[in-house]
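Here are my notes from going through the model, written as numbered points. Have the structure open while you read.

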Amino acid sequence: MKYIDEFREKSIVKNLASQISKFSGLQINLMEVCGTHTMAIFRSGIKQLLPQNINLISGPGCPVCVTSQSDIDSMLELASIKNLIIATFGDMLKVPGTKSSLEKIRSSGSDIRAVYSPLDALEIAKENKNKEVVFLAVGFETTAPIIASVVDDARRLKIKNFSVYCCHKLIPPAMAALLATREIKIHGFLCPGHVSSIIGTKAYQFIAKEFKIPCVISGFEPTDILETILMLLKQIAKNAASVEIQYKRAVRPEGNIPAQEMLKRVFLPCDADWRGLGIIPKSGLQLNPAYDKFDARLKFQIKPSKTTEPKNCLCGQVLRGVKTPVQCKLFAKACNPENPYGPCMVSSEGTCSAWYKYNR
Amino acid sequence: MCLAIPVKVVKIKGTLAEVDMSGVKRQADIRFLENIKPGDYILLHAGFAIEKINKKEARETLKLLKDIYYD
Amino acid sequence: MSQGHNEKILLAHGSGGKLTHCLLKELIFPAFSNPILEKAEDAAILDLKGKTAFTTDSFVVQPIFFPGGDIGKLAVCGTVNDLAMMGAKPLYLTAACIVEEGLEISVLERIIRSMAKAAQEAGVKIVGGDLKVVEKNACDKIFINTTGLGSIPKKVNISGGNARPGDIVIINGFIGEHAAAIMSARQDYKLKTSIKSDCASLNHLIAELLTKSNNIHVMRDPTRGGVATTLNEIAQQSNVEIQLEENQLPISDPVRGFCEILGIDPLYMANEGKVLIFVPEKDSRKVLSAMRKHPLGKKAQIIGKVFRSAAPRVLLRTSIGSTRIMDMLTGEQLPRIC
């Protein structure tokens, strides 16, 4: 597969690993904030190639994991409405709310469909004019412009039976909130490659300038991740802090302007409730009032509910990189992929799920 | 939140392209990109093309990985 | 058929009366054509000697016609394979069909003929069956339940509990083809592929392999849950560790591409024409070579090895040389955005 296989070559990986091993010594904490990076790291087994002093931490990069329990309960409320079809990315199906999940509700008759693209959800709306279709809009900056386009299409085509339940979130504000907690010392960030294809490098500059922490925008193949680590280590060794792009074949410094414009047209920043991090100002997206007709919250009058976190669940601290899954009392005992307590275990790239599958 | 795959553009019709990955085909919305031609590679995410693969940069990254990182 | 090809199955077709007999006489008996069936008794009388393998399975696949096969072919091949995996020579099958009212008779005909063809290719006789019709929406077009009987030669002892440290794990070809073909055909994700199900009866291939080696320890077809799940089952049964080599896994380019786009793993995808063979190292080359000479084994590969272990598990040595655990499949594999 072109532009994939070449970046998985074993000999290149070996070499990068050996270059990295020269940076032995002080403990270095590098954080990745992208669920796809978490998956890629675990699936390829990269951590085994790193020296002991280099610690790769998984941060809050899983948009499913950080969806608040209240939002999940609201999605379940929508799913219980008669003659309503829920269209969603597959990742959301098993996430537990307070009492149930989309997958469990489906087995009692709710029409819930996993789709690959929100465009397919719009098609479902066109084919089922006598039903309402709600798309669960979850994801970061990579996915938000896509939902924006589909909502814009729906408005242009005057499709009345389509709406989205929006809980998109933005990564740079979460990174800032994490740094502000000062809970752990982060020496460098692996920045999400595809989020950066959209937003470019500008949004990370404050981390380098104000917090003096190097950031490298990383691709997802093993050689990409290892090269990124090497670039971070080189900056750290020189006491430098700047934003670099490792993933040059897919990220431009300015990002993707048309996608950014689409985001601005359809969405407005708003405060958002991140599971484990609490409310982070201006870290979420809500629909611009011009698109009110497509806002499922308004259309179906969904009110946020008060929820309680499951007892002993450490998802929040795991998401902030403060604890590892094995430090949670529930991990691999009461909480496992068949019976998850919190989203970190449910999502295919949640930290606990990845640890359970690949690290036991 | 970032699963996007490099796929090859086969045909273009307006803002839609037919893309191919090892014989698997899908339609992709290319409204976010300009000057896309058949033969280009784009990153496919949830049915949209979010970026065009810069072939020159890809070649240079590989060259760097193969040459300069050897002792 | 005298009822006309545009006609549909009615509830009356399942009630045992004239319409049922019409279906049996005009479609089913001629298609499955054998003297035991045509006796039309309440049960088939068989004369079996020695150890007998006996299996049952149900088939509910959607869509019922897919690239590379259909529910009928799947029912026959799946049952034949269950028997063959035990080292048995498959002999007799039964097929009980539950049909949804309103299904076109021409569709039922197509499925029955497909079963007949598959049975003939496998060298088995369909000696009994049943047909029931249920109201619209009480089932999804057609469900098929089968049973199968086969005879096991005296010296053959094949079991999931027989894997031993040192055994080599071989598979006869590309993985994930069936699941990918079904997912493509369902069009939920709007991907166009030329991937075909690998649905096939493996008994002839297996008979050939059993002549080449008396030391085959385990044979199993990696159906639901894929290679990873099946290997986990065997690891548990035999209390061993199985190490897989990611670089050695035979995966076709289209299935690779399909999986990358959707973010799913071919090791968890169902196969319907594949067999995993565990054999001591000394016989592994012989078995591999014999597989590759057979049409259903051309892409056969050695994919792993068995080791002693305190706890049963399956490990994957990744393409970059690291090792990780390969667990059983939990739940459905769904396309992911992340």
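**Notes on the model**

1. Let's begin in chain A, with a pair of strands. Strand E1 (residues 28–32) of chain A runs parallel to E2(A), and the two are joined over five bridges. If you want a spot to look at, find Asn29(A): the residue opposite, in E2(A), is Asn55(A). Keep in mind that this is a predicted model.

2. Now zoom out to the sheet around that pair. It is an open sheet of five strands in chain A, ordered E2-E1-E7-E8-E9, with parallel pairing. Which strands sit at the edges? They are strand E2 (54–58) and strand E9 (243–245) of chain A, each of which pairs on one side only. On average, neighbouring strands of this sheet are turned by 25° against each other, direction ignored.

3. Next, chain B. Its secondary structure amounts to five strands and one helix, and from the N terminus the order is β-β-β-β-β-α. Why call chain B more spread out than a compact globule? Because its radius of gyration is 14 Å, well over the 11 Å that the globule rule gives for 71 residues. Along the principal axes, the C-alpha atoms of chain B fill a box of roughly 50 × 25 × 25 Å.

4. Of its 71 residues, 49% are buried. Looking at contacts in chain B between residues at least 6 apart in sequence, 31% join residues at least 24 apart.

5. On to how chain B meets chain A. Here 28 residues of chain B are in contact with 39 residues of chain A. On the chain B side, the elements giving two or more residues are strand E4 (41–45), strand E5 (48–52) and helix H1 (55–66) of chain B. Which element gives the most? That is H1(B), with six residues. Sorted by class, this side of chain B has 18 nonpolar, five polar and five charged residues.

6. Chain B also touches chain C. That contact takes 13 residues from chain B and 16 residues from chain C. The side of chain C that touches chain B divides into six nonpolar, four polar and six charged residues.

7. Within chain C, have a look at a helix pair. As background, two packed helices are described by the angle between their axes and the distance between the axes. For helix H6 (residues 203–212) of chain C and helix H9 (residues 281–293) of chain C, the axes come within 10 Å and cross at roughly 150°. The crossing of H6(C) and H9(C) is right-handed. H6(C) makes the contact through Glu208(C), Leu209(C) and Lys212(C), while H9(C) brings Lys286(C), Val287(C), Ala290(C) and Met291(C). By class, the residues of this contact come to four nonpolar, no polar and three charged.

8. You'll find Ile45(C) in the loop between helix H2 (35–38) and strand E1 (52–59) of chain C. Is Ile45(C) buried or exposed? Ile45(C) counts as exposed, because it has 8 C-beta neighbours inside 10 Å, and the cut-off for exposed is 12 or fewer. From Ile45(C) to Glu101(C) it is 56 residues in sequence and 32 Å in space, C-alpha to C-alpha.

Methods:
Residues are numbered from 1 along each chain as its sequence is written. Chains are lettered from A and ligands numbered from 1 in the order in which they are written. This is a predicted model: local features need pLDDT of at least 70, side-chain atom pairs count only at pLDDT 80 or more; totals for chains, interfaces and linings use all residues. Helices (H or I, at least four residues) and strands (E, at least two) are DSSP runs, numbered from the N terminus. The radius of gyration is taken over C-alpha atoms; the globule rule is 2.2 Å times the number of residues to the power 0.38. A residue is buried if 20 or more other C-beta atoms lie within 10 Å of its own, exposed if 12 or fewer, and partly exposed in between; C-beta atoms are placed from the backbone. Two residues are in contact if their C-beta atoms, placed from the backbone, lie within 7 Å. Ala, Val, Leu, Ile, Met, Phe, Trp, Tyr, Cys and Pro count as nonpolar, Asp, Glu, Lys and Arg as charged, and the others, Gly among them, as polar. Axes are lines fitted to C-alpha atoms, for helices over the stretch in contact, and angles run from 0 to 180 degrees between N-to-C directions. A crossing is left-handed if the near helix is turned anticlockwise from the far one by less than a right angle, and right-handed if clockwise. Two strands pair if DSSP finds at least two bridges between them.
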